[in-house]
Amino acid sequence: MRSRTLTLLAATVGAGLVLSACGANTADSGSGNSSQSAPAPGGAAAGGKVGVILPETATSARWEAFDKPFLTKALKDAGFDADVQNAQGDVQKFTTLADGMIAQNVKVLIIAAINGEVGAAVARKAQAAGIPTIDYDRLNLGGSSDYYVSFDNEKVGQLQGQGLADALKDKKGAEVVMIEGAPTDNNATLFANGQKSVLQPKFAAGDLKLVREQAIDNWDNQKGGQTFEQILTDNKGKVDGVVAANDGLAGAVITVLKKNGLNGKVPVTGQDATADGLMAILRGDQYMTVFKPIKEEAEAAAKLAVLLAKGDKAGADALATGKAKDPKGNREVKSVLLEPKLTTKEGVKEVVTQGYVKAAEICGGDLAAACTQLGIS
């Protein structure tokens, strides 16, 4: 079922990056205003400026809470100014921000696009201006970016599928609903492909039964909950397991399950290791999440950008040892593909230890005892 060839990042990157954790937790800022590192004494940083455009904050606060500060720090530490801005889900704003950075002749442009179409268009403009581009987190199909930095997103889906299969292994014929991400997001397609590589053989063998699979436009959590509720109603209130593509959609599904007295009885998957997702796991309402160390992703992108800004293409190629298939552009993109981790209740402590979620955020009230039992403090 794999739709592209992935070669995982070799030890070259792992040795150079500090392992941390990831999440999409609350951010201090959602304004989307420009965040630019302080210039070096006496003027702009010696290396010049690297432009970064992030997509939004409405469905995931990770971009402002984690990607933004990690990218800014990594670029600043390398001697570059980092112009990190957020398009707040507005395609026109994304394009305007890109035009401004291209006009400023940034050394490199890092783009986490709202959708593949706008991302590809921006990459073409940058290419015409002689500015190297890096697709960040999401590959823009049909684009022209020189490199791609992300996690192995089909592996993310495989972990979700395996997590659900493990949770339902003793329930032959269990009925499964799949609530997927935005159809315009290539990552969502890869997550679904990975899930199906694990689950489709089980559907075919009758070990599990697929009730319905539904993609959710714009990763809209409210729409995801409404869609799941309608599917549950159509299936006469019967469901044994839910593949939810991220923790936000998982939370919407769990809200519906609670209304029907099914929370804690129906395993639900997720992704991003958010504070809400981790709390749901500690309560037993969510079975698992996928933990993606965003600090590694940001540092890899910054390291790649620095090499490109210095004109060291050989160094960039040595770092980007993976390949990501772009079927729309009929090409393979040199990539840094990092390893995600399946996280159940026993793995929550690791996420906290890595520093993305504080114990105080998830261990209050009814969860104090669970945290104590797991050694989370």
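Helices (H or I, at least four residues) and strands (E, at least two) are DSSP runs, numbered from the N terminus. The model is a predicted one, in which local features need pLDDT of at least 70, side-chain atom pairs count only at pLDDT 80 or more, and totals for chains, interfaces and linings use all residues. Residues are numbered from 1 along each chain as its sequence is written, and side-chain values use heavy atoms, with hydrogens and water left out.

**Exercise 1.** State how many helices and strands the protein has, and what share of its residues is buried.

*Solution.* The protein has 14 helices and 13 strands. Buried means under 20% relative accessible area (1.4 Å probe, protein chains only), exposed over 50%, and partly exposed in between. Of the 377 residues, 56% are buried.

**Exercise 2.** Characterise the packing of helix α5 against helix α6.

*Solution.* Step 1, geometry: α5 (residues 153–167) and α6 (residues 186–205) pack at about 40°, with their axes 7 Å apart. Axes are lines fitted to C-alpha atoms, for helices over the stretch in contact, and angles run from 0 to 180 degrees between N-to-C directions.

Step 2, class of angle: angles under 35 degrees count as roughly parallel, over 145 as roughly antiparallel, 65 to 115 as roughly perpendicular and the rest as oblique. The two helices, α5 and α6, are therefore oblique to each other.

Step 3, residues: contact means heavy atoms within 4.5 Å. Residues of α5 that meet α6 include N153, V156 and Q160, while those on the α6 side include N187, L190 and F191.

Step 4, composition: Ala, Val, Leu, Ile, Met, Phe, Trp, Tyr, Cys and Pro count as nonpolar, Asp, Glu, Lys and Arg as charged, and the others, Gly among them, as polar. The contact of α5 with α6 has six nonpolar, 11 polar and two charged residues.

**Exercise 3.** Carry out the corresponding analysis for α2 and α10.

*Solution.* Helix α2 (residues 62–77) packs on helix α10 (residues 294–309) at an angle of about 40°, the axes being 9 Å apart. This makes α2 oblique to α10. Among the residues in contact are F66, F70 and L71 in α2 and I294, A298 and A301 in α10. By class, this contact has 11 nonpolar, no polar and five charged residues.

**Exercise 4.** Locate W219 and determine whether W219 is buried or exposed.

*Solution.* W219 lies in the loop between β8 (208–215) and α7 (221–234). Its phi is near 55°, a positive value in a residue other than glycine. With 9% relative accessibility, W219 counts as buried.
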